[in-house]
Amino acid sequence: MSKAGTDFRIVLTSLLSHFFALPSMENKRKLLVLYATETGNAQDLAERIAREAERHFYSPVLHSTASYEPSALPMEENVIIVASTCGQGDPPAAMKVFWRYLLRKSLGQDWLEGMHYAVFGLGDSGYQKYNLVAKKLDRRLSDLGAKPIIPKGLGDDQHRSGYEAALDPWLANLWTAMRERIALPYGLQDPDNNDISNTQLDCPKFSVKYHNSASASQMESLTIADNDVLRAVQEKWVDYQKARVMLESAAGDTPSSMEPEVPGYGPDQPMFAKMTANKRLTAEDHNQNVRHIEFDLGPNGVKYHPGDILTLIPRQNPDDIEAFLQRLSLDGDAYVTVEASQSELTCSWNDPQLLQLGPVKLRTLVEGVLDVSSASPRRYFFEVMSHFAAAEHEKGRLQYFATSEGRDDLYQYNQRERRSVLEVLLDFPSVQLPLDWVLQIVPRLKPRSFSIASSQRVHPNQAHLTMAVVEWMTPFKRKRHGLCSTWLSQLDPSLGEVYVPVWITRGALKLPPPSVPLILVGPGTGCAPFRSFVEDRDILSQSEPVAPILFFFGCRNQAKDFMYKDFWQSCTTDHKVMSPESGGGLHVAFSRDQGQKVYVQHKIRENCKLVWRLLQSGAAIFISGSANKMPAQVTSAFEEIIGSEAGISREAAIRWLKQMELKGRFSVEAWS
C-alpha cells in the first residue's frame, strides 16, 4: 500500500474512532440510580455507581427515594437501588413514602413487568435484622414483576474492608450483566476499573463564588456582646445552618426547612439546652470515663417520652479547622456562596428565602458542615486526590488506593487507623485540592444521638444523658478520641454558662402501658434508656398500680463502674418496681470481679424461672447496648429459656420470640 493510502487509512480510522467514541446523550441507555440513605453512605455509593455508569457509556439519572415519584417506575427500563437499613430493620426516613407506595395492594404482579433492577444494601451484621430493607425491597420488586439483573448485594459495615468488600465484585458483575443485555456502541471499549491512570476526572458538583468581605459581612449574623453566651450560641448555629442549607441546595438535595412546624424536633430549630451538670460516673482509676450529663430544656422545652433520643451536632477542635485551612491554602475569613456547577441540576438558590441567606465565611462552612477531624474519607477521595498530586510517588499510591486491588491496603491505612481527612491530606503534601472538590468529597459532619436517661415525670424540663468518652488504640498504637464525646466531656458548666443546640428524635424503644411487666437488659451505657423506664414506672407506682420490672445490668467491677448503683438498689426495696416482693428484681453481672467472666446472658439463664413467669404474665423484653455480640447472645438465652420452660423445640422458641417482636413485646436498640 502506498504511503498516501496508509495516511488516508490512519486519518479515516481516527475520524471513525472519534465519531464513535462520542455517543450522544440520546444514544446512551438511561440508567436510573436511586438511593435511600440516613447518614450519607448510600448516597455516596449511588454516586459511585452513577460515575461508573457514565464511564460504561450509560446515561445515569440519580435521585433520592425521597424526591423520586414511585408511580413512574413502570416507565423505567433499568433501575439500580441502594438502600440502607437503620436501627432494627427500619428503612431510612427518606424511603418511607416510597416504600409505602410499593406496598399498595392495588399494584398487580405485572406492574413492573419490563423493568430490570439490581439492589445493593448497606447494613451491619452486628444487628439481628441485617440488611432487612434491601432484602424486603428485592423481594417486593420481584413480586411486582420486575426482573433482577443480578442477585442483590449486601454490604456489611462489620467486614474488615467495610461494605466495599461486597460492592466491588457486585459492581463488576453488574456491568458484565448489563453489557450482556445492552450492546456496547461500535468502536467503544468498557473501562478497566482497576486502571484509573487514564481515567478523566469528573466535573465537580459545586461552583464556588467569592464575595467582597466588606459587602458580604453585612449579610452575616449581627454582632453580639461577648457576655451574651446564649445568643452567641444561637447566632453561631444560625450561621452553621445557613452553610448547611447552602450546600444541600447546591447539591440538588431538598434543603432543610428554616421554620419547622414543631420547634425542638429537628436541626433547623433546635432547643438551646443549658448544661447544668457534667460529672464522671465511673471511678477515676477505671479505664473508661463514663459521664452523667444534665440539660435544662427551659420552661418551654419540648416533651419527650421514655426511650426517646437526644440528638446534637458536635463542635470540632478550632486548631484542626485552622490546620485544615492552612494545609489547603484557604482563607477562612473569605466569604463564599456555593452553587451547582452543572446546569442540568436544579439549584434552589433561586428561592427568595435562600437568597436572603447571603454568603457565609469559609471558616463557618468548614467547621459547621465538613468533618475534617474525625471521619475517614471514602475511596473516591483518594481517586480525586490522585488528579491533583504533583509528586509521582504520591499519585501512584493514591491511584492504587482507588482501585479494588488496593482496597485491603486502603482499609489498613485509612479505615482501620481511622485517619481523618486532615491526616490524609498531611500524608500527601503535594496534593492541592481546589475548594469545589473539597466541598464535594470531604465527609459531612453528622449528628450524634444519645438515649435519654431520665423521665420528665421525675425531672420536668430536663434531659439526662449517660455517655462514654470514646477512646481507643489503633493497630499502629495511635490513640484516638471520639469527636463528640470528647467535646461534650470537656464542657464544664461550673466555669460558666454552657448551651448546646439539641433536638428530640423518637426512639426505637417505647415504654408499654404500666400494666405490662418489663424485662430489661442493659449492660454498660445500655442502661441509659432503662433509667428513664424505671424512673417513670417508679413515680407512677406512687399513684397507681404498675407491673414489676426485672433488670439485668452488666459492668466490669462493682467498685468501679456500677453506674447509678444507688438508684437501682433503691428501687428494689419497700415493694417498689424492682423489688422481689413485687415480682421484679435487679441482677448485675460483674464480668471481672471473679476468675471466670460473667455476663448478662449468664444472669438471665440463672433466673430462668422468674423470666419465664414474667413472660407468661405478658412481659415485654427490651435490650440495649453494644451491637457487637451482646444482643445475639442475650436473644439466644431467651430462646433457650422459652424452649426449656415451654417444652418446645429451639425452632419453635425462635418463632415464639418472633411473634413477641411482631406484637411489640421484644425490642432491641444497639449501636456499633
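The briefing below begins with the chain as a whole and then turns to individual residues.

This is a predicted model, and its chain has a mean pLDDT of 88, with 89% of the residues reaching 70 or more. The secondary structure comes to 23 helices and 22 strands, and 53% of the 672 residues count as buried. Among the contacts in the chain with a separation of 6 or more, 78% are between residues 24 or more positions apart.

**Confidence**

- Over residues 255-261 the pLDDT is below 50, although the model gives this stretch 18 contacts beyond near neighbours in sequence.
- Residues 343-355 also have pLDDT under 50, and for them the model has 20 contacts beyond four places in sequence.
- Where pLDDT is low, predicted coordinates should not be read in detail.

**Salt bridges**

- Asp168 and Arg379 form a salt bridge in which the closest N and O atoms are 2.8 Å apart. The pair links distant parts of the chain, with Asp168 in helix α5 (residues 164-181) and Arg379 in helix α11 (residues 379-386), 211 residues apart. Both Asp168 and Arg379 are buried.
- Asp168 and Arg379 also belong to a network of salt bridges that links them with Arg48, Glu52, Glu164, Arg407 and Asp408.
- Arg478 and Glu423 meet through their side chains in a salt bridge, with an N to O distance of 3.5 Å. Because Arg478 lies in the loop between β15 (471-473) and β16 (479-481), while Glu423 lies in helix α14 (residues 421-427), the pair ties together parts that are 55 residues apart in sequence.
- Is Arg478 buried, partly exposed or exposed? Arg478 has a relative accessible area of 24% and is therefore partly exposed, and Glu423, at 23% relative accessibility, counts as partly exposed as well.
- Lys609 and Glu645 form a salt bridge through their side chains, with an N to O distance of 3.3 Å. This pair links distant parts of the chain, Lys609 being in helix α21 (residues 608-616) and Glu645 in helix α22 (residues 630-646), 36 residues apart.
- Lys609 counts as exposed at 55% relative accessibility, whereas Glu645, at 24%, counts as partly exposed.

**A buried aspartate without a salt bridge**

- Asp371 is placed in the loop between α10 (362-369) and α11.
- Which side chain of opposite charge is nearest to Asp371? The nearest is that of Arg448, 4.2 Å away; a salt bridge requires the nitrogen and the carboxyl oxygen to be within 4 Å, so Asp371 is buried yet has no salt bridge.
- The side chain of Asp371 does reach the backbone nitrogen of Ala375, at 3.3 Å.
- Leaving aside residues up to four places away in sequence, Asp371 touches Gln316, Val421, Val442, Pro443, Arg444, Leu445, Arg448 and Leu483.

**Cysteines**

- A disulfide is a covalent bond between the sulfur atoms of two cysteines.
- A search of the whole structure finds zero disulfides.
- Cys203 has a relative accessible area of 54% and is therefore exposed, whereas Cys484 counts as buried at 4% relative accessibility.

Note on methods
Residues are numbered from 1 along each chain as its sequence is written. This is a predicted model: local features need pLDDT of at least 70, side-chain atom pairs count only at pLDDT 80 or more; totals for chains, interfaces and linings use all residues. Side-chain values use heavy atoms; hydrogens and water are left out. Helices (H or I, at least four residues) and strands (E, at least two) are DSSP runs, numbered from the N terminus. Buried means under 20% relative accessible area, exposed over 50%, partly exposed in between (1.4 Å probe, protein chains only). Lys and Arg count as positive and Asp and Glu as negative; His and the chain ends are not counted. A polar contact is a pair of N or O atoms within 3.5 Å; within protein, one must be able to donate a hydrogen and the other to accept it, and residues adjacent in sequence count only if both atoms are side-chain atoms. Contact means heavy atoms within 4.5 Å. A disulfide is a pair of cysteine sulfur atoms within 2.5 Å. pLDDT is the predictor's confidence in each residue, from 0 to 100.
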